[in-house]
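Thanks for coming. I have a few minutes on one model, so please look at the screen and follow along.

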Amino acid sequence: MKNFILVFSLFAILAVNADQNPYHLNKRFTSTFGPCFFPTELLTVTLTPDPPTEGTSTYHVSGRINGNTITAGKTIAAVQFLNGSAYAMSELHYKTFDNTVAPGDEFSIVVSDVPAPKFPCCNFEFYVIVIVGDPTDNTNKIQEYGCSQTHLFS
Ligand SMILES: *[C@@H]1O[C@H](CO)[C@@H](O)[C@H](O)[C@H]1NC(C)=O
């Protein structure tokens, strides 16, 4: 799964620009998931416990993917922590869908036991990014269908 981490980070570097970040002047300590900066379907994400700064959290991910099928045994929902410069701070934690969902139909999936990385002391800026997509034959690429991210401080 290391290759996935690399690709996700590259996307995030393009996607996350602190100067454009509407939350930049407003430090948040609990999650508010919103659009990623590249065009995909917006996912609805809630987690418990929130904030995800200690121990493990369980992520409830739902939404609709218009124009693409979620395929049982193939499509994944993945969670990753990024630092304030959008570099990966954690392994990719993911769950593979075990049901197929037609384009436009509502899906939901739970990614449980996602551990928080070790944060440097005090008000450390980070992102949690959640993506639904298909791993491709090229191990360096995930085809992304949906995404949501939150900007947080530890
Ligand atoms: C994020 O991690 C990268 C790679 O380890 C590092 O170069 C960068 O300074 C870090 N940024 C922040 C804001 O911590």
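Thr-44 has its bridge partner in S3, and that partner is Ser-62. Keep in mind that this is a predicted model. Further along the two strands, Leu-47 is bridged to Tyr-59 in S3. Taken together, S2 and S3 are joined by five bridges, in the antiparallel sense.

What is the strand order in the open sheet? The sheet has three strands, ordered S2-S3-S6, and the pairing is antiparallel. S2 and S6 are the edge strands, each pairing on one side only. From one strand to the next, the twist averages 15°.

Now the two faces of S2. Val-45 and Leu-47 make up the covered face, while Thr-44, Thr-46 and Thr-48 lie on the uncovered one.

In general, nonpolar side chains in soluble globular proteins tend to be buried together. Here the largest nonpolar core has 35 residues, and those touching the most other members are Tyr-59, Val-61, Ala-77, Leu-82, Val-111, Ile-129 and Val-130. Strands S2, S3, S4, S6, S7 and S8 each supply at least two residues of this core. S7 gives the largest share, seven residues.

Take Ala-77 as an example. Leaving out residues up to four places away in sequence, Ala-77 touches Val-61, Tyr-94, Lys-95, Ile-109, Val-111, Val-130 and Val-132.

Last, the ligand. Which residues are around the ligand? They are Asn-83, Gly-84, Ser-85 and Tyr-87. By type, that shell divides into three polar residues, one nonpolar and no charged.

Note on methods. Residues numbered from 1 in each chain as written. Predicted model: local features only at pLDDT ≥ 70, side-chain atom pairs only at ≥ 80, totals over all residues. Near = placed C-beta within 6 Å. Nonpolar A, V, L, I, M, F, W, Y, C, P; charged D, E, K, R; others polar. Core = buried A, V, L, I, M, F, W, Y, C linked by C-beta atoms within 7 Å. Buried ≥ 20, exposed ≤ 12 C-beta atoms within 10 Å, placed from the backbone. Helix = DSSP H or I, 4+ residues; strand = E, 2+ residues; numbered from the N terminus. Contact = placed C-beta atoms within 7 Å. Pairing = 2+ DSSP bridges. Axes fitted to C-alpha atoms, helices over the stretch in contact; angles between N-to-C directions.
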